[in-house]
Amino acid sequence: MSELAGRRVLVVGLARAGTAASRALLHAGATVVGFDSNEMLDAGRLRAEGVEVHLGREEETLLQGIDLVVKSPGVRGDAPLVAGARARGIPVCDELELGARLLPNPILAVTGTNGKTTTTALLGEMLSSGGRSVAVAGNIGRALSSLVGGIEPDTWIVCEVGVFQLDDLEILHPRIAVLVNLEADHLDRYGDLETYAETKLRLFRLQTENDVAVVPRGFGPVPGAARRLEFAADDQLPAEPALPGLHNRENAAAATLAARAVGISDADIAHALRSFRGVEHRIEDVATVGGVRFVNDSKATNVAAALRALACFPDERLHVILGGRGKNESYEPLAAALRPGDRAYLVGEAADEIATALASTGVPFVHAGDLESAVREAAALAASGDIVLLSPACASFDQFRDFEARGDAFRNLVEALC
């Protein structure tokens, strides 16, 4: 994107992705203006690197002389600066889109509602096992644009793509695109499942007949012209995955097809399936204290993800910590999935709504309020052989910066019990 040299670009949102975008733009020779609504943000390093940083209130005067607006994933499309840019005819792109424009590398992109982080990380292991130079980036925690100037052009990029990164897609063209599943999520932002699904499926829109689309068996049509491959949890695999749960076998089936499309042998795929132990905050064993097993599933930010976690423990009594900021979902399926003897501990803004669903099925629950109280209550009531499971079915933003901070807090609280 050599045309960026000398252009004035506004980056909206200066957290991890926005910071990476700012540095990538500087590398491309652009003049960078950065904005974040957090007045307390430490922007000293960005300023020292040459970014003109503005914090606090969104002022449309920041758009004067701007040639392009780059928005971070957490910034809504109707944010004043973004909406103002569109009204003035200023192009808007997402951080992911910026990275795709600046990187010549082949991209293997993974999207879906649940399981995309695990599938992305597993694919990184498969490509590495096959001797490929590979970088894992995107919504998994390493912004795509952070790779600009730092990897060789023939390095494969395995990129986790969240729905917020697809709002303004015009350039991203994955050689291989994977949809692990599509279920209700983020309805608080997109309004209905149809709009959410349409946004997700934009990932496939620019694929050609030379590309590959990997989708669940029986899934409806997707945009683009890619060659279609279908997977299911009962597929024959080169090896059984080390990760437990039917949903992880489904993730492994999707990853296997994508890795084969890259040219990875079944022997190398099998090695990765046997050795891969999962990702942080997704059904992660933290510790066993007094015979009680504590499991961190903070990444379960919607009901479907929490249901997958519950299904991993069919024979144990569960003490499940639920709640946070809701996404306009029904919690009735979650209440129905809990078994006699299970108990729930409710935290955050969605606690009352979850309590209503649990009361209708007779599941006992405790209004804990916050995570610290929930861990304390669960530890006191759990017996040897039970599992205390943090699988909130909600976003974390009412009490934590993100799901990672929530999972780290859970881990610290459990370690304090040891």
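Student: How much accessible surface does the protein have, and what share belongs to carbon and sulfur atoms?
Tutor: This is a predicted model, and the accessible surface comes to about 16900 Å². Carbon and sulfur atoms account for 48% of that surface.

Student: And how many charged side chains, positive and negative?
Tutor: There are 40 positive and 57 negative side chains. The centres of the two sets lie 3 Å apart.

Student: What fraction of the residues is buried?
Tutor: Buried residues make up 56% of the 418 in the protein.

Student: What radius of gyration does the protein have, against what a compact globule would have?
Tutor: The protein has 22 Å. A compact globule with 418 residues would have a value near 22 Å, so the two agree. Along the principal axes, the C-alpha atoms fill a box of roughly 65 × 50 × 40 Å.

Student: How many helices and strands are there?
Tutor: The secondary structure comes to 14 helices and 17 strands.

Student: What about contacts, how many join residues at least 24 apart?
Tutor: Taking contacts between residues at least 6 apart in sequence, 64% join residues at least 24 apart.

Student: New topic, the loop between α9 and β12. What is phi of His 281?
Tutor: Phi of His 281 is near 70°, which is a positive value in a residue other than glycine. The loop holding His 281 runs between α9 (266-275) and β12 (284-289).

Student: Where is Ile 283, and what is its phi?
Tutor: Ile 283 is also in the loop between α9 and β12. Phi of Ile 283 is near 50°, again positive in a residue other than glycine.

Student: Now Asn 302. Where does that one lie?
Tutor: Asn 302 lies in the loop between β13 (292-296) and α10 (303-311). With a relative accessible area of 1%, Asn 302 is buried.

Student: Which backbone nitrogens does the Asn 302 side chain contact?
Tutor: One is the backbone nitrogen of Ala 305, reached by the side chain at 2.8 Å. Another is the backbone nitrogen of Ala 304, which lies 3.3 Å from a polar atom of the Asn 302 side chain.

How values were computed: Residues numbered from 1 in each chain as written. Predicted model: local features only at pLDDT ≥ 70, side-chain atom pairs only at ≥ 80, totals over all residues. Heavy atoms only, no water. Helix = DSSP H or I, 4+ residues; strand = E, 2+ residues; numbered from the N terminus. Rg over C-alpha atoms; globule rule 2.2 N^0.38 Å. Buried < 20%, exposed > 50% of the residue type's maximum accessible area, 1.4 Å probe, protein only. Contact = heavy atoms within 4.5 Å. Areas by Shrake-Rupley, 256 points an atom, 1.4 Å probe, with all protein chains shown as cover. Lys, Arg positive; Asp, Glu negative; His and termini not counted. Charge placed at Lys NZ, Arg CZ, Asp CG, Glu CD. Polar contact = N/O pair within 3.5 Å; in protein donor to acceptor, adjacent residues only side chain to side chain.
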